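This report describes one protein model for a reader who is new to structures. Please keep the sequence and the 3D view at hand while reading.

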Amino acid sequence: NFNFDQLLQHVPELKRFNYHISSYQFDPPIDSSDMEPSLWAKIVKIINYNYDNFDGFVILHGTDTMAYTASALSFMLENLSKPVILTGSQLPIGTLRTDGKENLITAIEIAAAKHPDGTPIVPEVCIFFENELMRGNRTTKINAENFNAFRSFNYPALAKAGIHIRYNEHLIRRPDPSRPMKPHYLFDNVVVLTLFPGIQESIINSVLHVPSLKAVVLKTFGSGNAPQKEWFIRQLKEASERGIVIVNITQCQSGAVEMGRYETGLQLLQAGVISGYDSTPECAVTKLMFLLGHGLDQAEIRHRMNSDLAGEITKI
């Protein structure tokens, strides 16, 4: 919540970089709890407008919704060929023990890093936090107290920063060099429905009958399991037949949905529910919002939710 001149005051090391660093700030600054699709679109417009003028981009972002923004941008910046690195801090950057200083310095170094042939080392949307570079759409916030605020449970870190920054080159996605980066700006709303023991039909019914509802992220137990009650399966089946896309993700932080593994998961499949594989909640929500915003029909949305668009899922 200050301008770039103040940032240089708090992090004078930035002057030692042999880079030209330009900055843009939202006025007024946005609290990350207020983040929403229109602001994601604004970020994409800024990146797109400046795309040819810079080697990479660093986004300073509050931690609470950083994983949502990183996931959304991974879909909005199609065929990205330059680094877009989100970072921030658990303690404000002006405080004595802030973690923001090292996070920012390293994020800038990663955003500028190139191979000997001049191509960027990490042409992806990533989060850098507490010495780890993680794919943005694989990341979730796991800690409100400690400096290691983020974790990528289902995909290894793309790089680790110690004395040296060591990149796991084989894990990093590469763009199609024959195609330009294509920005996207459209989103639509979804509902997240978290199951719990004893959930009543009236709750399920009210959620699935929200006016103009088009899609639901269903957070199930374990490897994608849910109650076998007749009314529950019937509600899901009827919603699916009305054209509502229902995506199954696990409530577990690590692991994936395997709906063919147990009888309960098979019943969901038969009701028209589709697998979210090992998507994070942040990724499943933003991917669905992104696809809905493009006016695709139910069959196409279901197909693309089952496709790996930006390295966000591992298909078994």
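Glu201 and Arg234 form a salt bridge, with their closest N and O atoms 3.4 Å apart. A salt bridge here is a side-chain nitrogen of Lys or Arg within 4 Å of a carboxyl oxygen of Asp or Glu. The pair links distant parts of the chain, 33 residues apart: Glu201 is in helix α5 (residues 201-208) and Arg234 is in helix α6 (residues 230-241). Glu201 has a relative accessible area of 27% and is partly exposed; Arg234, at 30%, is partly exposed too. On this scale, buried means under 20% relative accessible area, exposed means over 50%, and partly exposed lies in between (1.4 Å probe, protein chains only).

Glu201 and Arg234 also belong to a network of salt bridges that includes Glu230. Side chains of opposite charge can pair when their charged atoms come close.

## How the model was read

This is a predicted model, in which local features need pLDDT of at least 70 and side-chain atom pairs count only at pLDDT 80 or more, while totals for chains, interfaces and linings use all residues. Residues are numbered from 1 along each chain as its sequence is written, and side-chain values use heavy atoms, with hydrogens and water left out.

## Other salt bridges

How many salt bridges does the structure hold? The number is 13. One of the pairs is Glu241 with Lys237, at 2.7 Å from N to O. Both residues lie in helix α6, 4 residues apart, which is about one turn of the helix. Glu241 is exposed, at 57% relative accessible area, whereas Lys237 is partly exposed, at 38%.

Glu169 and Arg174 make a further pair, their closest N and O atoms being 2.9 Å apart. Glu169 has a relative accessible area of 35% and is partly exposed. Arg174 is also partly exposed, at 41%.

## A residue in strand β8

Is Ala159 buried or exposed? Ala159 is buried, with a relative accessibility of 1%. The residue lies in strand β8, which covers residues 159-161. Leaving aside neighbours within four places in sequence, Ala159 is in contact (heavy atoms within 4.5 Å) with Asn131, Glu132, Leu133, Ile165, Arg166, Tyr167 and Asn168. The C-alpha atoms of Ala159 and Ile110 are 9.4 Å apart, although the two residues are separated by 49 residues along the chain.

## The whole protein

The protein has 9 helices and 14 strands. Both are DSSP runs numbered from the N terminus: helices are H or I with at least four residues, and strands are E with at least two. The C-alpha trace spans about 65 × 45 × 35 Å along its principal axes.

Of the 316 residues, 49% are buried. Among contacts between residues at least 6 apart in sequence, 72% join residues at least 24 apart. The mean positions of the 29 positive and 33 negative charges lie 2 Å apart. Lys and Arg count as positive and Asp and Glu as negative, while His and the chain ends are not counted; each charge is placed at NZ of Lys, CZ of Arg, CG of Asp or CD of Glu.
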